[in-house]
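Open the model in your viewer and let's walk through it together, one selection at a time.

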Amino acid sequence: MPSESLKKQKKKAKKSDETEEAKYYCSVCGCEIDEDEFESFDGMCWECWDDQMTEESEDMLGDVM
Ligand SMILES: [Zn+2]
């Protein structure tokens with residue numbers, strides 16, 4: 001019985017060129033984002049969304065130290 005080596009699951013973000021989808025742009029910095037990001041991050045790219053979250057949490061938490 002041949003032992004099959006475990007297949008490593010490698011997730012690679014591969015964009016197919018064939019899918020023509022509407023383009024989305026970050027509402028803050030204007031860089032191109034994909035639909036996923038647009039929906040997940042409220043119309044922003046990950047970086048700007050992260051920025052906002054940081055600002056908000058800083059606002060809420062005040063100084064933690
Ligand atoms: Zn952005």
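Start by selecting C45: setting aside neighbours within four places in sequence, C45 is in contact with C26, C29, C31, I33 and E37. Two residues are in contact here if their C-beta atoms, placed from the backbone, lie within 7 Å.

A word on what you are viewing: this is a predicted model, where local features need pLDDT of at least 70, side-chain atom pairs count only at pLDDT 80 or more, and totals for chains, interfaces and linings use all residues. Residues are numbered from 1 along each chain as its sequence is written.

Buried means 20 or more other C-beta atoms within 10 Å of a residue's own, exposed means 12 or fewer, and partly exposed lies in between. Of the 65 residues in the protein chain, 8% are buried.

Next, pick Y25, whose C-alpha atom is 7.7 Å from that of C45, although the two are 20 residues apart along the chain. Y25 sits in strand β1 (residues 24-25); strands are DSSP runs of E, at least two residues, and helices are runs of H or I, at least four, numbered from the N terminus. Beyond four places in sequence, Y25 touches G30, C31, E32 and I33.

Finally, go to D42, in the loop between α1 (35-40) and α2 (46-61). D42 is not a glycine, yet has a positive phi of about 65°. Most residues other than glycine have a negative phi.
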